[in-house]
Amino acid sequence: MKDNVISEMDVTTDKIKISANNVQVYYGENQAIKDVSVEIQDKTVTAFIGPSGCGKSTFLRCINRMNDTIDICRVQGDIMIDGEDIYDSNVDPVQLRAKVGMVFQKPNPFPKSIYDNVAYGPRIHGLSRNKAELDDIVERALKRAAIWNEVKDRLNAPGTGLSGGQQQRLCIARAIATEPEVLLMDEPCSALDPIATAQVEELIDELRQNYAVVIVTHSMQQAARVSQKTAFFHLGNLVEYGETDKIFTAPEDPRTESYITGRIG
Amino acid sequence: MGNFLNVAPTTLLVIVVLILTALAFFMARNRAMAAASGDARKLHSLPNYYGYNAAMMTAIPALFVLAIWLFVQPMLIQNSVISLIPQAAVSEGSSVNLVMSDVRRVANGLTTAVDAGALTADAARDISTANTDIRSLLAESGVALGSEVTAEVLNAAQRYRSMQATGQWLMTAAICAISLIGLFIAMRATTATFRARNLVERFMLALLMIAASLAILTTVGIVFSMLFESINFFSLHPWQDFFLGDKWSPNFRGDSDLSILPLLWGTIYISIIALLVAVPIGLFAAIYLSEYANSKVRAVAKPLLEILAGIPTIVYGLFALLTVGPFLVDLFGRGENGILGVDWMSGATSVLTAGLVMGIMLIPFVSSLSDDIINAVPQSMRDGSFGLGATHSETIRQVVIPAALPGIVGAILLAASRAIGETMIVVLGAGAIARISANPLEAMTTITTRIVSQLTGDTDFASPETLVAFALGLTLFVLTLGLNVVALYIVRKYREQYE
Ligand SMILES: Nc1ncnc2c1ncn2[C@@H]1O[C@H](COP(=O)(O)OP(=O)(O)O)[C@@H](O)[C@H]1O
Ligand SMILES: [Mg+2]
């Protein structure tokens with residue numbers, strides 16, 4: 001099932017980037033995440049899989065505190081990034097999010113030009129001293145998101161005019177333009193066609209060299225293709241977490257096995 | 001009262017048609033069921049559709065003819081009765097139309113008297129001016145006449161009555177017949193394979209199309225009526241003065257200055273002040289309500305704001321007259337006794353008074369439109385911005401507002417066209433002096449208020465001083481129409497952005 005053999009070798013040496021301990025998430029009375037503990041490695045692609053509604057997105061959104069924007073959502077337990085508790089009262093969620101980039105399920109470019117889309121984060125965080133530097137940041141982000149060649153001649157065209165796959169890569173460029181350390185992706189390919197999906201997957205594999213990437217996906221093939229570690233969620237519980245190969249070839253938990261063989265959906 | 005016999009038979013007729021309609025519905029439905037030997041699945045359409053179809057056939061042609069009949073019959077009668085009135089009977093200073101309305105009043109009066117029992121039907125038919133004082137007779141039954149009834153008028157009135165009675169009978173017979181024929185045709189058509197559903201569908205389509213075209217036709221009608229009167233005006237008054245002059249001073253000597261510019265200036269000045277008040281406040285209120293307020297605050301504040309929108313503008317006018325105007329005078333006027341100790345403002349009516357109050361009136365308008373538009377910006381835009389580490393206000397400033405901007409501009413233009421068309425607040429708040437001045441503390445006046453005052457005076461309807469109202473109205477119409485078209489175009493373009 002696994003085709004990129006090289007990636008496995010450099011996995012083991014990486015340090016822990018994110019560690020979550022006994023995380024509980026409630027939406028009002030309804031508990032969406034039950035006592036989840038997990039350690040996510042740096043420079044690794046970690047996939048979250050599981051049936052729809054099991055809490056993958058909810059858990060992902062805990063990592064950059066996006067759940068703070070939902071009134072009824074409460075998060076308990078602690079999540080550390082580089083040993084620092086991100087739910088500590090000293091931490092500004094706004095700054096945290098500059099460090100932990102996020103790419104959403106549906107491509108959501110702003111109704112601005114391609115350039116302004118990518119420059120949005122750097123401008124807000126004051127990452128450039130002048131126009132030339134900003135140009136440079138934008139170009140680098142677009143190149144790293146593998147979309148530079150397609151858009152370099154029309155940086156002033158609206159981002160909303162691109163195709164779905166291009167929009168999603170633009171959103172990835174927008175996320176990496178702020179130089180995050182962690183990149184969260186919530187089903188980034190679910191609105192894309194197979195060719196665009198392949199391009200984005202290739203990109204994810206590239207990004208692994210610089211970031212810890214966490215990707216939620218409903219496609220087990222995709223998890224197998226792009227990730228080195230896989231976490232299987234079911235009904236708000238983290239059922240099994242380990243090397244992707246192992247999860248897909250020799251799962252320990254019967255629920256994991258049922259899911260990957262298609263019996264829980 | 002005089003109308004009792006005019007309306008009652010018609011009402012009765014309508015009721016009869018409606019009863020026939022209901023009957024048709026049940027009969028056709030039963031017939032359809034019988035044709036399918038009680039098994040609705042064998043029918044082409046659901047049984048109710050056969051009923052609807054028969055009801056349509058019974059009611060619509062009959063009611064349609066009835067409507068036309070009610071419209072045409074009085075005209076026909078009038079035309080034939082007018083020929084009975086000799087030219088000599090039209091006294092000096094009167095007109096055929098005035099005599100005609102006497103005829104109608106006498107005719108209706110006689111009918112009322114018969115209804116009230118003051119006259120028998122025969123006596124009413126045989127009555128003559130020679131041996132009866134018709135005026136006092138009718139006065140007893142509560143019908144007041146302006147002058148003595150002449151023989152010609154009475155004659156015409158009698159003719160009027162008899163024609164009306166005949167018309168009534170003809171109409172009743174014709175409508176009942178049409179209704180029954182419709183019923184009969186529908187029943188004949190009701191068989192198991194008859195496509196009643198398709199017919200009903202087409203009827204619905206026609207109904208909707210009629211509604212749509214009525215709306216459009218009215219607009220066209222309004223434009224044309226204004227256009228004709230405006231053309232009349234321009235044939236009496238030079239257009240150069242109207243569009244390019246700088247004075248508005250109607251008088252009765254026939255050499256009025258009737259220029260739109262001072263009025264247009266007042267209109268635009270007041271509207272700009274109103275927008276300067278309404279746009280920031282309305283927009284900020286909308287941003288607060290749609291972005292920050294929790295659902296409890298929104299549940300209270302939104303309806304409250306919208307209540308403001310329901311207040312009649314005359315009430316705002318009173319507010320301007322009684323509260324805002326005097327306050328502004330306290331602030332900017334009265335020299336030593338005033339709050340600022342200046343003497344810039346003498347009367348309570350001013351551009352500023354009207355503009356402020358009109359701005360208050362427009363706040364809910366701007367805020368509720370902007371609120372809808374801001375809410376239409378997809379949540380994913382905000383998430384994208386938050387996800388990049390933007391704060392709430394950065395997100396609003398840099399993503400939400402720019403995304404909503406075209407729609408907000410549209411909302412502002414709609415508000416502007418309301419401000420331009422507003423009348424009552426200006427009447428009470430801005431004064432009645434037409435002038436071009438930059439001082440907002442002076443009284444000025446607007447197009448709308450001049451239209452009202454030109455049409456409510458005692459002047460001859462055919463004079464330029466009166467007809468200018470239509471030219472003003474037409475200009476106003478074109479102005480607001482243009483604003484609305486631009487606004488709707490912008491709003492629509494913006495809607496497409498997220499599809
Ligand atoms: N904004 C929200 N408000 C209330 N409940 C929510 C919200 N978002 C998610 N949930 C609930 O939390 C659970 C997990 O949802 P989610 O994390 O979106 O699942 P997944 O991404 O795995 O499909 C679901 O039961 C869902 O109904
Ligand atoms: Mg999800």
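**Exercise 1.** Determine how much area chain A and chain B bury between them.

*Solution.* Buried area is the accessible area (1.4 Å probe) that two parts lose on being put together, summed over both. For chain A and chain B it is about 1600 Å², with 64% on carbon and sulfur atoms. Of the area that chain A buries against chain B, 31% comes from Pro111(A), Tyr120(A) and Ile124(A), more than from any other three residues.

The model is predicted: local features need pLDDT of at least 70 and side-chain atom pairs pLDDT 80 or more, while totals for chains, interfaces and linings use all residues. Side-chain values use heavy atoms, without hydrogens and water.

**Exercise 2.** Which contacts join chain A and chain B, and how many salt bridges are there between them?

*Solution.* With contact defined as heavy atoms within 4.5 Å, 21 residues of chain A touch 19 residues of chain B. By class, the chain A side has 12 nonpolar, five polar and four charged residues. A salt bridge requires a side-chain nitrogen of Lys or Arg within 4 Å of a carboxyl oxygen of Asp or Glu; the count between the two chains is zero.

**Exercise 3.** Compare the span of helix α14 of chain B with that of a straight helix.

*Solution.* A straight helix of 30 residues would span 44 Å, from 1.5 Å times one less than the number of residues. Helix α14(B), residues 392-421, spans only 38 Å between its end C-alpha atoms. It bends by about 55° at Leu405(B), and Pro406(B) follows within four residues; the bend is the angle between axes fitted to the seven residues ending there and the seven starting there.

Methods: Residues numbered from 1 in each chain as written. Chains lettered and ligands numbered in written order. Helix = DSSP H or I, 4+ residues; strand = E, 2+ residues; numbered from the N terminus. Nonpolar A, V, L, I, M, F, W, Y, C, P; charged D, E, K, R; others polar.
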